[in-house]
Amino acid sequence: MMLSTTLLRLSVPAKPESRARLRRFMEGITLWLAFLLLLFVQPLYAEANVADELQPGLLHFTDNRGDWQEPALVLGSDFDVTVSGLIADTRLTRRFRNTSDDWREGVFVFPLPEKASVYALTMTVGERTISGEVRPKAQARQEYAEARDSGRQAATVEQQRPNLFTSRVANIPPGEDITIELRYQQPVDYRDGQFSLRLPTTLTPRYMPGPMLPTGEATGWSEGWAIATREVPNADAISPFTVRPGDVAADSHRASISVSLNAGLELADVTSPGHELETRTDGQEVHVSPSEGTVLMNRDFVLHWRPVRGREPVAAVFHEQFGGEDYLMTMVVPGVTQDRVLPRDLVFVIDTSGSMAGESIRQARQALGRGLDTLSADDRFNVIQFNSQPHALFMAPVPADGNNLARARRYVSRLQAEGGTEMASALSLALGGAGSDDTDDAARVRQVVFITDGAVGNEAGLFRQVREQLGNQRLFTVGIGSAPNMHFMREAARWGRGTYTAVSNPADLGGPLETLFSAMEAPVLTGLRAQWPVADAEAFPERPGDLFHGEPLIQVVRGVPPEGQLSVTGLAPDGKRWERTLDLRQSADGTGLHRRWARAKIDSLLDRARIQGEQPDEERIVRLAMAHSLMSPFTSFVAVDSTPVRSGNDPLLADSVPTLLPAGTSSGMLRYPQTATISPLLIALGLVGMMFSAAIVLLRGRVGL
C-alpha cells in the first residue's frame, strides 16, 4: 500500500530547522513502528500455518514453533468379521490412547455400512469391562453427561444417519487407553453371481445446502466444521474434521481387518479391488486379511467372493427363533434371460462439485463415457452436470447418432470439479423431462444414471424428491470415490426403483459398470409378489419392486414357521408369467434374522413418516429397538462405570478425533480445525507495508530523490 507524498508535504512546517527535526523524528518513529509490527506479525504467521493449498480461512492448530498439533488421542481399530451365508457379523474394536498430560473426552464421528444394525457396546478400562445398555436417546445422553461430569468413565454411541455414528468416551486418563467394542451385523450383497461386503473406514466431507440457522437454533451435540442449516440442522454432528495421514500420530488411524467366510458354498475366488489379500482355507471357512497387515483408514475395505461355476445359488432359505417367534429369510434368483431390448431415453447426470475433485472426477468422466458407448441407434440421451447449478447439454433427449455422441464426448472430457453440491436442482432437471404421451415416447424405457460420491447432508429431502418426481422412470446410482456415501446410493436407487453400483478402484472401473449397463439393457421382471404360507405374515421389503437381470429377491419375514411353500411370481417383458416355489422345510439355520427384520421394520416406519410428511412413530420405534437391542434414530447405547476416577480439580478437555482424507480426494476437501481467521495477519501485514512506505517517502525527500 502506498501513501500520497503530496499529503506528507502539506503537513511539513515552513522553517528549515524545524522541518528537518520533524522529518528525522518521523523517520525514527516510522522505522521503530515497522520493526515492532514485524515482531507482532511473526507469531501470527506461525499460528496461521495455512494449509498447503493456501485456502482462505483454513488454518491448522500449531504450537509456538509453528508445528502442527496432532490430536491428543491416538485411534486404533480392529475389524473382526464373520460371514455366515447372507449375514456378516462384525466385532469392531476402537482404542483411544491419551498421549497428553490432561484428562480427555474423545469424540469420534465414523461411518458404518449403510444397513448396519448395531446391537452391542462394551467399554474396557484396564482390567474392567462394562457392558452397555440400549436407552432412549435423551436418557442415554443424560446418563453419559452425568457420568462424565462426576468423573466416572463412560462411553456412548448414537446414530446420526443410517450409516453415520458418533462415539463419545469420557475421562480417559493421561497416558492410558480406553477400548470401545461395537457389535453390528450387515446384509451381504449378492448380484450377478458375486457376493460383496464393504467396511467403511472414513467419509468424504458432505455438502450442507440451505440457509444457515440463526444462532441458538442449532441442536447439534458435536463440534464439527459445518454450520447448521435449515435443510441440515445437525450439520455440525456429521462433519468431523478431515486431515492427512501425516497430521496424526504415525500409529494412529490404522486398522487391522480379519474376515472369516463361511458362505456355505465352495468358492472359486476371493478378491478386493483396493487391497492385496492374504487368504487361508480351513475346511469350509476361508480366512481373509490385508496382506500388508494394518491398513490406513483412508479408503473402504471391499471384499468380493464367487462360488465355483455351476454352484451359484438359485434359492436359499434360513430360519431362526427369537423370543418365541419364528423368523425366515429367503433369497430367490430369477435367472431370467431375454433377448428383447426396448428403445430407451437415457439421461446421464454427473456430479462436478468440489468434493469430486481429483481421482473422483476422472472416474466419473470414464464412467459416463462407458455409458455413452452402450447407446444404440434407437436410443435417445442427454447429459446433465451439476455443482452449484445444473446444466444440460441438450434441451431435451436427442437421438444417439454419431454427431450427438461426439458432441457429448467433447462436453464430458472438459468437465471439471468445483463449487457446491446442489443435487435437488439436478434431480428436477433429470426427472422433470419425462417426455410426452405419444406412441413413440410411451414405448420407451426411461432411465436416469446418477454418477456421484453422494457427499450431501440432506439425504431425506432428496429421497422425498425422487419419490415425488420419478413417475414411470428408473433411477440408477453409481458411487464414485474411495469412500462414497453408500446410504445415499442405495436408498436413492431404492426410491428410484433402480439399482446402485459402487466403483471402488479406478483399475476396476470397467467390471462394475459393464454389469450395470448390461442389466439396464436387459428387460426387467415386474410385478413381483412373494406369497408365504401364513397370510398375515409381516415381510420386508413389503413391495419387492422390479428386478433386473442377475438380481435376487431377498425378503425377511416374522411369524412364519419353516413349513409349507413360498411362491414367488412376476411378469416378464413379453407379458408371460414367471413363477418359482420353495419348500420351507429345507431351510438352514440362520443367525441374526430377527435383527434384520426389526431393522427393516424400523426403516419402514421412518419411510412411512417421510411419505406422509409426519413425525415418525417414536414410541413404537423405541419399543422395537429395545426389544431387539438395536441402535436407531431414537435409541443409543451407553456404558457407565460406577467408580469416579477423576477429581473435580482436574480439568477435562474435549478432543474431536478427525477422520482421514479419502484416498484420491483433492486436498481442497481437507477440513482442519480453525483457531482463528487470517484477518489479523492480513491487517498486520498491511500496517507493516504502510510504515515502510512512509519511511521510504521520508528518506527519498531527505536525499532529494
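Strands β11 (residues 194-199) and β18 are joined by five bridges and run antiparallel to each other. Within this pair, L199 lies opposite F301 of β18. The description given here refers to a predicted model. Strand β18, which spans residues 301-307, also pairs with strand β14 (residues 267-271). Strand β18 is mostly covered, since six of its seven residues are buried. In general terms, the strands of a sheet are held to one another by backbone hydrogen bonds, in either a parallel or an antiparallel arrangement.

The protein as a whole contains 13 helices and 36 strands. It has 705 residues, of which 53% count as buried. When contacts between residues at least 6 apart in sequence are considered, 74% of them join residues at least 24 apart.

A further set of strands forms an open sheet. Three strands make up this sheet, in the order β28-β31-β32, and their pairing is antiparallel. Its edges are formed by β28 (526-531) and β32 (577-583), each of which pairs on one side only. From one strand to the next, the twist averages 10°. Four bridges connect β28 with strand β31 (residues 565-571) in the antiparallel sense. One of the residues involved is T526, whose bridge partner in β31 is L571.

Helix packing is considered next. Two packed helices are described by the angle between their axes and by the distance between those axes. The axes of helix α6 (residues 423-432) and helix α8 (residues 459-469) come within 10 Å and cross at roughly 10°. Angles under 35 degrees count as roughly parallel, and α6 and α8 are therefore roughly parallel to each other. Their crossing is right-handed. On the α6 side, the contact is made by M423, A424, L427, S428 and L431, while α8 contributes L462, Q465, V466 and Q469. Six of the residues in this contact are nonpolar and three are polar, with no charged residue. An α-helix has 3.6 residues a turn, so residues three or four places apart point the same way.

Helix α9 (residues 486-495) is largely enclosed by the rest of the structure, because nine of its 10 residues are buried. The buried residues of α9 include M486, F488, M489 and W495, together with R490 and E491. Just after α9, R497 takes a positive phi of about 55°.

Several further sites were examined for their backbone geometry. Most residues other than glycine have a negative phi, and most peptide bonds are trans. N171, although not a glycine, has a positive phi of about 60°. This residue is found in strand β8 (residues 164-172). The relative accessible area of N171 is 0%, and the residue is therefore buried. S629 is another residue other than glycine with a positive phi, in this case near 55°. S629 lies in the loop between α12 (618-627) and β34 (635-644). With a relative accessible area of 27%, S629 is partly exposed. A cis peptide bond is present between F540 and P541, with omega about 0°. P541 is located in the loop between β29 (538-540) and β30 (553-558).

Definitions and conventions. Residues numbered from 1 in each chain as written. Predicted model: local features only at pLDDT ≥ 70, side-chain atom pairs only at ≥ 80, totals over all residues. Heavy atoms only, no water. Axes fitted to C-alpha atoms, helices over the stretch in contact; angles between N-to-C directions. Helix = DSSP H or I, 4+ residues; strand = E, 2+ residues; numbered from the N terminus. Parallel < 35°, antiparallel > 145°, perpendicular 65-115°, else oblique. Left-handed = near helix turned anticlockwise from the far one by under 90°. Contact = heavy atoms within 4.5 Å. Nonpolar A, V, L, I, M, F, W, Y, C, P; charged D, E, K, R; others polar. Buried < 20%, exposed > 50% of the residue type's maximum accessible area, 1.4 Å probe, protein only. Pairing = 2+ DSSP bridges.
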